[in-house]
Amino acid sequence: MTPPIIYASAGAAVLCLGLFGFLAARHVLRRILALNVMGSGVFMMLVALAARTDPPDPIPHALVLTGIVVAVCVTALALALLTRMCRDEGSALLPEDRDIE
Amino acid sequence: MTQESWMEGTLAAPLLGAVLALIAGRSAASAIGILTALVGSAASIGLAFAVSRGGSFRYAVGGWGAPLGIDLRVDALAAVMLAMTGVVGLCISVYAVGYFRGKEAEAASSRTNTGPAWLFWPMWLMLWGGMNALYLSGDLFNIYVALEVVGISGIGLIALAGGSAIAAALRYLLLGLAGSLLYIVGVELLYAGYATLDLEQLRQRIDAQPSTWLAAALMTAGLLAKSALFPLHFWLPPAHGHALAPVSAALSALVVKTGFYLLVRLWLDVFAALGTEHVTTFLGALGAAAVLWGGVQALQQERLKMMVAYSTVAQIGYLFMLFPLASMSGSLTGALLLAVSHAMSKAALFMCAGSVLAVYGHDRIQSLQGFGALMPMTAAAFALSSISLIGLPPSGGFAGKWMLLSAALAGGAWWWAAIIVLGGLLTAAYLLRVLAFAFLEPVVASSTRAPRAMELTSLILAGMAIAMNFALLPLHDLLHAGGAR
Amino acid sequence: MTDPWIPLVAVGLPFLTGIVIFMLDDRQVALRSLLNLFGAFAKLVLVGVMLWGVVNGRDYGVRLAIAPGLDVALHVDALALLFITLSAVLWALTTVYAIGYLENAAHRSRFFGFFSLSIFATTGIALAGNLFTLFVFYEILTLVTYPLVVHRGTQKALAAGRVYLCYTLAGGAVLLLAVAWLHALAGPRDFVAGGYLREFGTDHQFTLILLFGFLIAGFGVKAALFPLHGWLPVAMVAPAPVSALLHAVAVVKAGAFAIIRVVYDVFGVEFAQSLGVLGPLALLAAFTILYGSFRALTEDELKKRLAYSTVSQVSYIILGVAVLGPLSTIGALVHLVNQGLLKITLFLTAGNLAETLGVHHVHEMDGVGRRMPLTMTAFTVGALGMIGVPPIAGFVTKFYLGSGAAQAGQWWVIVVLVASSLLNACYFLPILYRAWFQPQSAPWPNEKREGFDAKAVLLVPVLFSAALAVGAGIFANAPFGPLEWAKLISSREFGYGP
């Protein structure tokens, strides 16, 4: 097991964990967090991909940087929408999840 | 003008306009918006003409070249999508000017705050720029970035309506984000296997390995979620049904096509070497299910905008029936024409719904008596776009469906043909149900009139959807001269 | 030499008239009427030019490629001329009538706009040079007649419109499938006398039989073949000129005409016979004839009685097509014209009764002959013509249909014809008896006019069409009479001697 492979497998595991969280959670904040966990897994895999060669492949690095920027933006937007929804409707659940409680 | 400058204009105009509109603020946003729309649509139409004359070409931004720099490329398929976005986008912009002017007048009289409506312009132009970037991208990662630009600005636009649109926007965001993460994992796997992100190189190198299949599956799942194909359609009706009218028009007419476009690129071009028959059949089956399910749902809606939104779910299904029929001649032309005329007629329908809302103050179908007498232009637009959506001749929808139908029958696949015909009947059922109310006598004499710009643009778009009946031949020539495959 | 302009103008003229009329305000009565009349009479002139040209061996046609191997083609042949002449003459009559009938009604621009578009579609159907074009215009006809059916804007009208659309759109869907399938099977082909499918010989027999069924089902909706006739009596809520147009010219005739095209110019009558599909078609038509007549017996509402009579009469055409032989062909073609003349007379007189006296039902018609002698004279001509009393046009039809059946050895057809004529007499003669020989039994339901008979603008078209119906019978054999044309078509197109 070379380090890149270990990193990549760990990244895949984190991704799956995040995906499970996304599908299982109903609280929107949890879902946003889960998506961020997924994102971290993806980025780990990308970094591992870059480390396969020596010197490291620059392209995946560039991708990770872009990916992180996108993830930050989307997370901020999601949080803004979530606070707005909480304020307006008094619930942090999507309408279809609310009556299950 | 060189072909490259058309391309630069297509990409840069909306992005630049978005930034300028944001800086200019409330006072000048709509003026900048209209100006940008004019330039942007002119550029994309010019680009389409350039492609029809000179064929597809690539352009290395800043002269860097792949892999480090960004390569843009355009072919006939992309050119058609760009021109469609340009034409429909311009109409949506004109409509939006009237729409927001009407909203402002309403707000001024009732002293309610409509919120920062001018923010529509930067976000809409950004959305437009994102779509153009997506169609011009030649590599998988650029496509990802463009998808995110489209997604984020689309979500912002939905949220503009406030109220129950917020939850719809949030749902769209969560699903869209999950979709793009799946997509990016697929991209990683492909990069790990073939050390390239370029679509063209990938097409040459691809072979049937387990990791490739996994990558393809992940990317497809992500894109299906974004294009709202049954059974991943559930986020679409609330999002499109609750947004402001020009936003619904843009999302339903244009944005859903991006996912479809990418899947066409991937499965009919890049992944073609994988031996994709069962995948295309699967996509077609989902499409068929969407046609029926969306149609049945639309039939049960009580609100006009929700009905139109469910109609989008059904019509996306039609597009996906291209996949199993792709080997038959004429099917791609037909599906593309269907996509273009759907963009026009669906945008027109949402515009009609917006005009109806402006006049009636609600969009409950049962209480729309006499909208034909009150707003004849809107009723005409509704009727014409219905004809195209149903697929009755003469219309773009008919010509597109005819090609798909012929492809299915020539291949002996009568079951696809049956779905195509059945879906048309369902469409007729839900659209004509509404249209019948146009002929009743109006119950209340409403004094409000929808702004002329709104009614007129919807009628123009609907008229174009009809005129697309005669676009089959030029489209066919473009696809075969410009080398779509 | 092929001249593209005449057919283009013939189709484009009513289209443009319609579009311009839509844009007019409801109050611009004079301008709209002028446009209407201009359109109608320009069309008549155009038809005259085409008649003259075709007789002198000119060829009019135009085609426009939609996709590779898919053309919209317009072509003027003798059969097309027969239909287009009928529609042009009756359009002119109905236009004059409708202007008078709808005086002061609401939404007149919408009405006359769609009215013109109906003629546009009918012209397209008449001139269609291939099945695809025929289908396109056939569907357009569905769309533009719907607003006419629901024109009154009442719940009842809307319900009727719904029924109308259910039948026609379902028929259209079947048709789309069939036309596309045939296109995939046989490639792009134009109508050709004798049909183009016989090249298949014994290949694809099952598919072809299926497709014949689909086509008949699709076109049979508009031709009101049993059991697809249900929309027709319901659609009677429409204003009288629409009923006249729908039932005498545009819609039902379009269906019958399309069936003629399918049998003669797509399948070819002999090939269809060899597929064994004509027998069932003849049976269906015969059944429809009797069924329609029986239903007409029991209807008290005048327009509904006439509607069921239409169901019955249109199937004469189809029966003539389905019985193999030159004489029955002539009978079918000449009935296309005769039934149009007779039925429009009947419907317009019904409109006069409703408009002048508010009479809608048969039981209200006691003594109406004395109150409106001219209108009822026209009605009498129409009714006697339908029964087949010489010398009115209907007699010619029945004579040829009967001789054709005898020639083909199909004696049962003659039995059907005789039975149907008896039934016609049973539902028309009581009306005539009430109108002429019964004294007025009750005050008129809604008398709107004091003076003599009906308004002149309503009376003149009625009398004119009645005169035409008589003329078509007496001068049947005159040059340019409908019978002469039918013989010409029969000899030119189907290779039978006159």
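Reader: What volume does the largest cavity have?

Author: This is a predicted model, and the largest cavity in it has a volume of about 150 Å³.

Reader: Which residues are the closest to its centre?

Author: They are B:Ile390, B:Gly391, B:Leu392, C:Ala173 and C:Leu176, out of 16 residues that line the largest cavity.

Reader: And which helices supply at least two residues of the lining?

Author: In chain B it is α18 (414–437), and in chain C α5 (131–149) and α6 (155–186). Of the lining, α18(B) gives the most, with 5 residues.

Reader: How many cavities does a search of the whole structure find?

Author: Counting those of 30 Å³ or more, the search finds 9.

Reader: Changing topic. How many salt bridges are there over all chains?

Author: The search of the whole structure gives 16. In general, side chains of opposite charge can pair when their charged atoms come close.

Reader: Which side chain does B:Arg171 meet in a salt bridge?

Author: That of A:Glu96, with 2.7 Å from N to O. B:Arg171 sits in helix α6 (residues 164–194) of chain B and A:Glu96 in helix α4 (residues 95–98) of chain A, so this pair joins two chains.

Reader: Is B:Arg171 buried or exposed?

Author: B:Arg171 counts as buried, because its relative accessibility is 10% and the cut-off for buried is under 20%. A:Glu96 has 38% relative accessibility, so it counts as partly exposed.

Reader: What does B:Asp75 form a salt bridge with?

Author: With B:Arg265; the closest N and O atoms are 2.7 Å apart. The two belong to distant parts of the chain, 190 residues apart: B:Asp75 is in the loop between β2 (71–74) and α3 (76–110) of chain B, while B:Arg265 is in helix α10 (residues 245–268) of chain B.

Reader: Are B:Asp75 and B:Arg265 buried or exposed?

Author: Both B:Asp75 and B:Arg265 are buried.

Reader: And what about B:Asp363, which residue is its salt-bridge partner?

Author: B:Arg303, with the closest N and O atoms 2.9 Å apart. This pair also links distant parts of the chain, 60 residues apart. B:Asp363 lies in the loop between α14 (331–360) and α15 (371–374) of chain B, and B:Arg303 in the loop between α11 (277–300) and α12 (304–320) of chain B.

Reader: Where does B:Asp363 stand, buried or exposed?

Author: B:Asp363 has a relative accessible area of 5%, so it is buried. B:Arg303, at 26%, is partly exposed.

Reader: Which residues do salt bridges that share partners join into one network?

Author: A:Arg84, A:Arg87 and A:Asp88.

Reader: How many Å apart in space are A:Arg84 and A:Pro55?

Author: From C-alpha to C-alpha they are 47 Å apart, and in sequence 29 residues apart. A:Pro55 is in the loop between α2 (28–50) and α3 (58–89) of chain A. A:Pro55 counts as exposed because its relative accessibility is 62%.

Reader: Over to the surface. Which residues of chain B form a nonpolar patch?

Author: B:Leu16, B:Val19, B:Leu20 and B:Ile23, which together have about 410 Å² of accessible area.

Reader: Where does B:Ile23 lie?

Author: B:Ile23 is part of helix α1 (residues 3–24) of chain B. With a relative accessible area of 67%, B:Ile23 is exposed.

Key: Residues are numbered from 1 along each chain as its sequence is written. Chains are lettered from A and ligands numbered from 1 in the order in which they are written. This is a predicted model: local features need pLDDT of at least 70, side-chain atom pairs count only at pLDDT 80 or more; totals for chains, interfaces and linings use all residues. Side-chain values use heavy atoms; hydrogens and water are left out. Helices (H or I, at least four residues) and strands (E, at least two) are DSSP runs, numbered from the N terminus. Buried means under 20% relative accessible area, exposed over 50%, partly exposed in between (1.4 Å probe, protein chains only). Patches are made of residues with over 30% relative accessible area and no salt bridge: like charges are joined within 9 Å, nonpolar side chains (Val, Leu, Ile, Met, Phe, Trp, Tyr) within 5 Å. Accessible areas come from the Shrake-Rupley method with a 1.4 Å probe; for residues, only the protein chains shown count as cover. A salt bridge is a side-chain nitrogen of Lys or Arg within 4 Å of a carboxyl oxygen of Asp or Glu. On a 1 Å grid over the protein atoms alone, a cavity is a set of points where a 1.4 Å probe fits but cannot get out, and a pocket is an open set with protein on both sides within 12 Å along at least five of seven lines; lining residues have an atom within 4 Å of a point. Grid points are joined across faces, edges and corners, and a volume is the space filled by probe spheres set on the points.
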